Amino acid sequence: MPPKSDEVAIVMVRTVGGEAPAMSTLAPKLGPLGMSPKKVGDDVMKATKGWKGLKVTCKLFIQNRQCTVEVVPSAASLIIQALKEPVRNRKTEKNIIHNGNLTLNDVYGVARAMRERSLAKQFSGTVKEILGTCQSIGCTVEGQPPHDLIQQIREGSLQTPEE
């Protein structure tokens, strides 16, 4: 039985930007809510056009059998988007190396976007989380390995903004 008209159901789906999620993952989540997986897949595809080729999480708000989609990108997705890499064909290009270079302002921008979901008490902790993600992706920041910048923040020789 579908939920009452004033209730909002929230469904989380992880998908590749610009592509419809697999119907096999949508159907069990949306069937009890009385929604068509095909229609919701099209809505997700439209909402994730800006994230083409990157894996993003989508939050689906379903009320009165109407679906609204909110894209919730991960830190890695934000960093890869900040690297401005060309769209790749996921089927043929595997094990890609992200060896670009970011500026500290790019890192601060990603940290501001991730701040509300971060577990750090201070903004410098969020910046260190983002620099750790940069290290795992394989890119450099200001021409240096990200771990060197983390060490500079710990020592106090590199000051981060308050927010």
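The model is predicted, so local features need pLDDT of at least 70 and side-chain atom pairs pLDDT 80 or more, while totals for chains, interfaces and linings use all residues. Residues are numbered from 1 along each chain as its sequence is written, and side-chain values use heavy atoms, with hydrogens and water left out.

The chain contains six helices and five strands, which are DSSP runs numbered from the N terminus (helices: H or I, at least four residues; strands: E, at least two). Their order from the N terminus is β-α-α-β-β-α-β-α-α-β-α. The C-alpha trace spans about 60 × 40 × 20 Å along its principal axes. Of the 163 residues, 39% are buried, that is, under 20% relative accessible area with a 1.4 Å probe and protein chains only.

A search of the whole structure finds one aromatic pair. Tyr108 and Phe123 form this pair, which is tilted, with 6.4 Å centre to centre and 50 degrees between the planes. Rings of Phe, Tyr and Trp (its six-membered ring) pair if their centres lie within 6.5 Å; planes under 30 degrees apart count as stacked, over 60 as edge-to-face and the rest as tilted. Tyr108 lies in helix 4 (residues 104-114) and Phe123 in helix 5 (residues 123-137), 15 residues apart. Tyr108 counts as buried because its relative accessibility is 9%, and Phe123 counts as buried because its value is 2%.

Note on methods: Buried means under 20% relative accessible area, exposed over 50%, partly exposed in between (1.4 Å probe, protein chains only).
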